[in-house]
Amino acid sequence: MNQKQLVGIEAASYVSDGMIVGLGTGSTAFFMIEELGRRVREEHLHITGVTTSLQSKVQAQKLNIPLKSIDDVPYVDLTIDGADEISADHHGIKGGGAALLYEKIVATYSKEVIWIADESKLVEKLGKFPLPIEVIPYGSKQLLHFFAQKKMAPTLRQRQDGEILLTDSGHYIIDLHLGQIDDPKAFGHWLSQLTGVVEHGIFSDFVTKTIIAKGHHIITTDVKKEKN
Ligand SMILES: O=C[C@H](O)[C@H](O)[C@H](O)COP(=O)(O)O
């Protein structure tokens with residue numbers, strides 16, 4: 001079993017009958033959704049899934065996991081999602097798979113958020129992974145220029161066929177190559193107030209538990225407890 005599978009299956013064990021579950025996106029969340037599908041099928045687990053991307057929606061539908069929109073549930077009990085980077089103080093970068101906007105919306109209305117990752121995602125400080133910024137197409141060249149002037153080495157994300165990548169909500173992604181983000185919260189606030197920016201990939205104060213694979217072991221950290 002690989003590390004992503006290990007943490008995906010472990011995280012799915014936190015889901016119990018009757019829960020409304022936020023289903024994350026990406027190659028790690030994939031294994032968690034598969035395991036929930038197995039439990040629905042074999043253990044008759046009753047849950048309602050709230051997906052964070054078209055990709056997760058298609059997977060969950062194939063597995064017959066009942067789904068609702070975030071707008072049709074009162075809240076989400078628990079969201080389980082991957083991350084591109086997790087810093088020592090539990091900030092995260094997300095959006096490597098272009099799902100940051102829906103992921104942040106679902107996480108915002110979740111009582112608990114578990115991040116699952118292999119050890120390669122752990123960093124002292126965020127920023128080596130290019131920071132995804134979801135932007136409105138109109139004016140995006142101006143934003144690219146603006147970020148370039150600020151020496152943030154922006155790139156407009158493309159699909160493999162060279163076309164501009166469109167998110168599930170029809171926006172573009174600009175990736176900022178920053179190297180290091182010293183104050184993720186402050187930088188996130190700065191990004192949020194830029195005209196044309198829909199959302200950014202810095203996730204601060206969302207995660208309540210991390211489940212990380214190190215070698216063949218699983219390290220679970222309760223983030224709330226650490227802060228208290
Ligand atoms: O947009 C994608 C999400 O933020 C993913 O959770 C993140 O990119 C991690 O994906 P993976 O588990 O494939 O590394």
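Start with the open sheet, in which six strands follow the order S2-S1-S3-S6-S13-S14 with mixed pairing. Strands are DSSP runs of E of at least two residues, helices are runs of H or I of at least four, and both are numbered from the N terminus; two strands pair if DSSP finds at least two bridges between them. Select 48-51 (S2) and 217-222 (S14): each of these edge strands has a single partner, so one side of each lacks a neighbour in the sheet. From one strand to the next the twist averages 20 degrees.

The model is predicted: local features need pLDDT of at least 70, side-chain atom pairs count only at pLDDT 80 or more, and totals for chains, interfaces and linings use all residues. Residue numbers start from 1 along each chain as its sequence is written.

Next, select 76-81 (S3) and 110-118 (S6), parallel strands joined by five bridges. Val76 is opposite Ser110 of S6.

Angles run from 0 to 180 degrees between N-to-C directions of lines fitted to C-alpha atoms, for helices over the stretch in contact, where contact is C-beta atoms, placed from the backbone, within 7 Å. Helix H4 (100-108) lies across S1, S2, S3 and S6, at about 145 degrees to S3.

Finally, colour domain 1 (3-124 + 204-227) and domain 2 (131-201), with bounds from an automatic or database domain assignment.

Note on methods
Two residues are in contact if their C-beta atoms, placed from the backbone, lie within 7 Å.
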